[in-house]
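The structure comes first, then the details.

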Amino acid sequence: MFQGARSVSKLARAKQVLAKRSTAPLQLSTTRTFMRASTGAMQLSHSTRTTVKMGLPSSFSVRKMSGTSETMEFQAETRKLLDIVTNSIYTDREVFLRELISNASDALEKYRYQQVTGEATGSDIPLEINIITDEKAKTLTIVDSGIGMSREDLIANLGTIARSGSKQFVENLKNSAAPDSKGSAADGIIGQFGVGFYSSFMVSDSVDVESQPAGETSAHKWSSDGSGQFTIDGVSAEEAAEHLTGGRGSRITMHLKESCAEYAQADKIKSIIKKYSAFVSFPVKVNGEVVNTVQAIWAQDKTTITEEQYNDFYRFIATAYDKPMYRLHFRADAPIELKCLFYVPRFHSEKFGMGRIEPGVNLYSRKVLIESKPADLLPGWLRFLKGAVDSEDLPLSLSREKPQNSALLRRIRDVLTRKFLRFLADEAKNNPTTYREFYVEYHMFLKEGLCQDYTFMSQISKLMLFESSAAEAGEMVSLDDYISRCAPEQKHIYYLIAPSRDAALQSPYYETFKKHKKEVLLLYNTIDDFVMNNLKEFGGRTLLSAETSSIDLSKEGSVPEDAEDENKEDSKDKKASVTPLTDAEAEDCCTWLSMALTGKVSSVKITKRLSDSPAIVTDHESGALRRMMKMVEQANAGAKGEALPPQNLEINPSHPLIVNLYSMKDDPSSVAGLVAEQMLDNCLMAAGLIEDPRYMLPRLNDLLLATTQHHKNEREYDAQQSKSE
């Protein structure tokens, strides 16, 4: 059984054993190699009972020989290492199938190389991998028509923990004299696959391997239960003809453990193949049905790939039914060679409240899955991407389930992220309509990246789009667009957060910008406040909220202009009936409001930025931040939100409400106090600081009652005057 919890301590002990022991070179009767049990440096210990004449490695001891059957055992320390390999290396035991299919693919690639070089002889049978499941017998069989193994190969490659035949094959190719063919063959070899063959013992009580080399007439069978010994038997010609296709290749039969009987089910095997080995270069059949029907198009030249092939691969990798919005297919050489294919789906599920989506890009090595949708391959804010990243040179852990070099992986993540951001920048410039569709769908992810990922803040900020007071409704502009329209002396980029465009344009904070014809970016999302506070500046100009009290547009060379024609008459009608407060009266009004609103305001002062509104609050905390904090606090049972702190109130001494309020402030029978409180709450409402306005209802009822009572009193007075006349 798989015992992952023991892996750390056992591996440490294994390393200590290896450090103390010497190794002996293997003496083989042939140079043909195929399966490897590991890529590490483990070798078997010396034995005083070996027989060099038979061509056996010096680390084996022959216990008994009966006819052509030989039983060999490892030394005690080697058996311990085998236990570690089979029980403690992998975190997911289903990867045994990936390892065995990769071995079979390598065997086929080696035979194909021999065909190219003219070395291959024998029948011209298809190069493929056949998998046979038998639920009744609880067996799983893998057959390939590859290069096959001789008796000595079986002993050397399956009997030695850590023998990598594929690695030696590639090294031999580099020194060969066939330059035209060696390149493609070396590229096709998967190689360096963890402990490879021995992963089969994670799910098997015993394993049989029958094999016959291409061009030879004799076949042999290797059998072991993984306990530290194995047997080598001859295979009759009849059995070889029945079990091995065309007189060559290998056949692995796993007698599954009771707890692993599910691996005798065809559907289970198909799902594992589609997950890990869907892009192996050779056909993989399960009970005669080809499973790996999709090609690894990321590894191909993009000029040879059709649009339909791209779309088919997208539907496979993203489990989608539509066509992608964007596609990016590229290769990179630094820090290592990478082959990448990214897709952007047309929509994402997070906007429907379906929870955080998982990363969608798989990591491959030589078309074989290393890690499914790793969280650290790309930044979290790019989790909407679907696709594949493949590297032939990526250093892997022993189990080959994760990359080994975390620093290298971080560099790879940076390369991939910068490449995708450059792609988006090009799209925004060359295809603005399509990019706007992308931005509308995925702007929350970019904003998340801008708030969290300082490494790419500058690049992401150039991709941001906003509505603007200077543009039509629905039209979006970039920060570069805004700056291009700024006066040279303007030092700030102004923005206003509101629930909608109408609310923003009617906001009292927008009045001064409207009067000075100054452009303001209009932001509608809660996260936008965090975005602007994190970005702070762009293009040498600071980002400044329109709700800031220090705003003085006259210092930026802006001269106020008359309001629009349709608003002039309304403005004149309002101001014709009242006389603005003098400076002294305005100061007196501020003093009275400070007393009337004790505990609710920290200061009251005069402002000249307002034209149509009586007052505003400034320099207040973010309404969006308060709402965000409230959500966090509600997650904690019994937590209560903090009370709103005293505000800075600024009044417009020319507004009729302020003038009338000042005239009634000293009348004890008046509703001046209620009006002052309601005016402050109106300001808080405009600033987005009031979430539940129901507490105002009693006061509003009192104001309505006072208004109707005043109207009634006036009618009664008028009636009495009419009678007296």
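Helix α10 passes helix α11 in a left-handed crossing (left-handed if the near helix is turned anticlockwise from the far one by less than a right angle, right-handed if clockwise). This is a predicted model: local features need pLDDT of at least 70, side-chain atom pairs count only at pLDDT 80 or more, and totals for chains, interfaces and linings use all residues. Residues are numbered from 1 along each chain as its sequence is written, and side-chain values use heavy atoms, with hydrogens and water left out.

Helices are DSSP runs (H or I, at least four residues), numbered from the N terminus. Axes are lines fitted to C-alpha atoms over the stretch in contact, and angles run from 0 to 180 degrees between N-to-C directions.

| Pair | Angle | Axis separation |
|---|---|---|
| α10 (residues 406-430) and α11 (residues 432-452) | about 135° | 8 Å |
| α11 and α16 (residues 528-535) | about 40° | 9 Å |

The α10 and α11 helices are therefore oblique to each other (angles under 35 degrees count as roughly parallel, over 145 as roughly antiparallel, 65 to 115 as roughly perpendicular, the rest as oblique). In α10, L424, E427, A428, K429 and N430 meet P432, Y435, F438 and L446 of α11; contact means heavy atoms within 4.5 Å. By class, this contact has six nonpolar, one polar and two charged residues.

The α11 and α16 helices are likewise oblique. Their crossing is left-handed. K447, L450 and C451 of α11 meet D528, F530, V531, N534 and L535 of α16. That contact divides into five nonpolar, one polar and two charged residues.

Now the cavities. A cavity is a set of points on a 1 Å grid over the protein atoms alone, where a 1.4 Å probe fits but cannot get out. There are four cavities of 30 Å³ or more. The largest cavity holds about 80 Å³ of space. Its lining residues (an atom within 4 Å of a point) include P359, V361, L378 and R383. The lining has nine nonpolar, two polar and one charged residue.

Notes: Helices (H or I, at least four residues) and strands (E, at least two) are DSSP runs, numbered from the N terminus. Ala, Val, Leu, Ile, Met, Phe, Trp, Tyr, Cys and Pro count as nonpolar, Asp, Glu, Lys and Arg as charged, and the others, Gly among them, as polar. On a 1 Å grid over the protein atoms alone, a cavity is a set of points where a 1.4 Å probe fits but cannot get out, and a pocket is an open set with protein on both sides within 12 Å along at least five of seven lines; lining residues have an atom within 4 Å of a point. Grid points are joined across faces, edges and corners, and a volume is the space filled by probe spheres set on the points.
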